[in-house]
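Let's take a walk through this structure together, one spot at a time. Have the sequence and the 3D view ready.

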Amino acid sequence: MSISHVMRNVVCVLVASMCAACAATAPALTPSTSAPTVISSATSEPTAAVLATALPSTQTSTQTFDGERAYESVVQQVALGPRITGSEPNRELGDQILAQLAANGWMTSTQAFSYQGTPTRNLIGTKGNGGDIIILGAHYDTRRRTDQDKQKPTEPVPGANDGASGVAVLLELSRVLDVDKTGKQVWLAFFDAEDNGDLDGWDWIVGSRYFAANMTVTPTAVVIVDMIGDRQQEIYLESNSNRELATQIWDVAQQMGYGDQFIKQMKWSMTDDHMPFLERGLRAVDIIDFDYPYWHTVQDTPDKVSPESLEHVGRTLEVWLEGDK
Ligand SMILES: [Zn+2]
């Protein structure tokens, strides 16, 4: 997300209008030679461009979100190396995400396109037969340059919190979420090319913008998780997010005893993967802890992330979706 769009609450109105102006400029998306996948519905016939693994979703989960498991995923993702859009570790992580989703009984599809001559790929898992569609999203790419690092401004970002934490929460939810119990259809969306904004002519939130532009369903809610694993967790309300939806989620967190982490005060205004959905008039929320001193530095490493923080977010979403277990 963009720091230029990040300010204290007192100037939120100005910031919001800047974001809208910025977002009105469509990224120069160039379809790749193979036709990009248009997500029409989770039950559509898979095309050649869609990697689909339809497994029965009959098993019901009595598991609960495990922060330790999610933390293992953070460590494992960082061990792959920086997951920069177009890089081999990015491709490898994408393949691993698809495999884990399939193993957990989700139907998977991919949405490939080219951006600035770079192969870019969103990953989607779907499960459930309910009428309402809920999308949970996170970016899985990492920023190619640590431009907030005063000592080492030209390294790639390790992305333990900024990238891996959101992916880890979604993957652990794919294991434990009882989608039948939600009565809804749940989509897990892993966006590429979120985090190279303002580098080499790249825009922010490219993957989610492509996804939203090609979406032909109308989700009732879109919830983005980004940078939510900080050991010193403090998740404030984000000012662009849908207020009603955010209140629902923060209320659940408080009921679960996470009121010190989910703080019901507005602090930041972010250009993040929720924006393309808000711009389409959809209810979307960004769950983000932007009070993170290691943002876009070489120090965004797993030791800054904790299993407990991941668990607070995962369990909150689990209970918000399922109701009490
Ligand atoms: Zn970032």
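Start at valine 179, which is buried because 24 other C-beta atoms lie within 10 Å of its own, and 20 or more is enough to count as buried. Keep in mind that this is a predicted model. Valine 179 sits in helix H5, which covers residues 179-182. Now look for lysine 127: valine 179 and lysine 127 are 52 residues apart in sequence, yet their C-alpha atoms are 6.8 Å apart in space.

Next, step over to helix H4 (residues 160-176) and helix H3 (residues 88-103). Their axes are 9 Å apart, and the two helices pack at an angle of about 25 degrees. That makes H3 roughly parallel to H4, since angles under 35 degrees count that way. Where do they meet? On the H3 side you'll find Ile97, Gln100 and Leu101, and on the H4 side Val167, Leu171 and Ser174. Sorted by class, this contact has 4 nonpolar residues, 2 polar ones and no charged ones.

Now for the inside. The largest nonpolar core has 81 residues, and Val169 and Phe190 touch the most other members. H4 gives this core its largest share, 8 residues. In general, nonpolar side chains in soluble globular proteins tend to be buried together. If you zoom in on valine 169 and skip residues up to four places away in sequence, you'll see that valine 169 touches Ala70, Ala138, Val225, Ile228, Leu310, Val313 and Gly314.

Leu310, Val313 and Gly314 are among the buried residues of helix H9, so let's go there. H9 is mostly covered, with 12 of its 16 residues buried. Just after H9 comes glycine 323, with a positive phi of about 80 degrees.

One last stop: methionine 256, in the loop between helix H7 (243-255) and strand E8 (262-268). Is methionine 256 buried or partly exposed? With 17 other C-beta atoms within 10 Å, methionine 256 is partly exposed. Leaving aside neighbours within four places in sequence, methionine 256 is in contact with Arg315, Thr316 and Val319. As for arginine 315, it is 59 residues from methionine 256 in sequence but 8.6 Å away in space, C-alpha to C-alpha. Arg315 and Thr316 are also among the buried residues of H9, which brings us back to that helix.

Key: Residues numbered from 1 in each chain as written. Predicted model: local features only at pLDDT ≥ 70, side-chain atom pairs only at ≥ 80, totals over all residues. Axes fitted to C-alpha atoms, helices over the stretch in contact; angles between N-to-C directions. Helix = DSSP H or I, 4+ residues; strand = E, 2+ residues; numbered from the N terminus. Parallel < 35°, antiparallel > 145°, perpendicular 65-115°, else oblique. Contact = placed C-beta atoms within 7 Å. Nonpolar A, V, L, I, M, F, W, Y, C, P; charged D, E, K, R; others polar. Core = buried A, V, L, I, M, F, W, Y, C linked by C-beta atoms within 7 Å.
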